[in-house]
Amino acid sequence: MKLRIATRKSALALWQTEHVAQRLRDAHPGISIELVPLSTRGDQILDRPLAQIGGKGLFLKELEVAMQHGEADLAVHSLKDVPMQLEAAFVLAAILEREDPADAFVSNHHADLGSLPIAAVVGTSSLRRQAQILAQRPDLQLRDLRGNVNTRLAKLDAGEYDAIVLAVAGLKRLGFAERVRARLQAPDFLPAASQGAIAIECLAERQDVLQAVAPLHDVDTDRAVRAERAFSRRLSGSCEVPLAAYATLDAEGLALDALVASPDGQDVLRDQLRGNDPEDLGLRLAERLITRGAQRLIGRGPA
């Protein structure tokens, strides 16, 4: 059997794809894997925030076209970059076990968010991160930060920022775990829905691919991220909306903690709910925040 995997060309995307490829080789001895590296519009446009150029879906389109044209059999994504609603022809075939979902405070001179001097410059391209940072430190200057992980770290090292915020998972996967000065983690700081999880996408009709990747699927991660994504989907979640969701699983079921905020961090709605059905849990928690005014916050736009 041979499988061709479409992937973005960034170092992190290639690491994730190689990881999936190795997992497939372990599950199916003798399988042949070919990587199909592609450049997406989201990778090409780096001078504007994603919210201004069409959102995270810009990282998927070229990979999906390759699958539709028969140039690739599946694609590997960071699940947090996958739109909450896929086009009808595609499915998420497998979700791998989640890596650390926390955000990372990265700085060469400061230990954590609280130790930054007044009006320090912090780099992040995420409205979710911006809102939560400003909720704790409204004095800070937030500046947009695009590019791959290496580019963002280089900008920090060049002195363009006092600190930057990235995903812990990406830093760990690329061997930069030592750059994490502090973990911005739940319950004080919530991640993006499905942050830290790797997803495999394919055409819904490709039963051969669905069967091949099935051994890679992690049921517990799937349950957690489905609750998070259901919450985000109900609130039209995208990079244009400062919202966060994090589900944990224990013997009593799922616990979902989520928030919606204004981009300036001055208004934050947050709630937690428990349940067993992931989709129902996410939708119920979203409805609770809607009754408290979440739609008003979503309609504000960037600060």
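Tutor: Contact means heavy atoms within 4.5 Å. Axes are lines fitted to C-alpha atoms, for helices over the stretch in contact, and angles run from 0 to 180 degrees between N-to-C directions. Helices (H or I, at least four residues) and strands (E, at least two) are DSSP runs, numbered from the N terminus. The model is predicted: local features need pLDDT of at least 70, side-chain atom pairs count only at pLDDT 80 or more, and totals for chains, interfaces and linings use all residues. Residues are numbered from 1 along each chain as its sequence is written, and side-chain values use heavy atoms, with hydrogens and water left out.

Student: What is the strand order in the open sheet of five strands?

Tutor: The order is 7-6-8-5-9, with mixed pairing; two strands pair if DSSP finds at least two bridges between them. Strand 7 (141-143) and strand 9 (182-184) are at the edges, each with a single partner strand, so one side of each has no neighbour in the sheet. On average, neighbouring strands are turned by 30° against each other, direction ignored.

Student: And how many bridges join strand 5 and strand 9?

Tutor: Three bridges join strand 5 (residues 103-106) to strand 9, in the antiparallel sense. Asp103 has Leu184 of strand 9 as its bridge partner. Helix 5 (residues 127-136) also packs on this sheet, touching strand 5, strand 6 (121-123), strand 7 and strand 8 (163-167), and its direction makes about 130° with that of strand 8.

Student: Changing topic, which residues have the most contacts inside the largest nonpolar core?

Tutor: They are Phe231, Leu235, Leu256, Val260 and Ala294, in a core of 24 residues. Such a core is a set of buried Ala, Val, Leu, Ile, Met, Phe, Trp, Tyr and Cys residues joined through side-chain atoms within 4.5 Å. Buried means under 20% relative accessible area, exposed over 50%, partly exposed in between (1.4 Å probe, protein chains only). Helix 10 gives the most to this core, with five residues.

Student: What does Leu256 touch?

Tutor: Its contacts include Phe231, Tyr246, Leu273 and Leu285, leaving aside residues up to four places away in sequence. Apart from this core lies another, of 19 residues, among them Ile5, Val20, Leu24 and Ala93.

Student: Which residues of helix 1 are buried?

Tutor: Leu12, Ala13, Gln16, Thr17, Val20, Ala21 and Leu24 are buried there.
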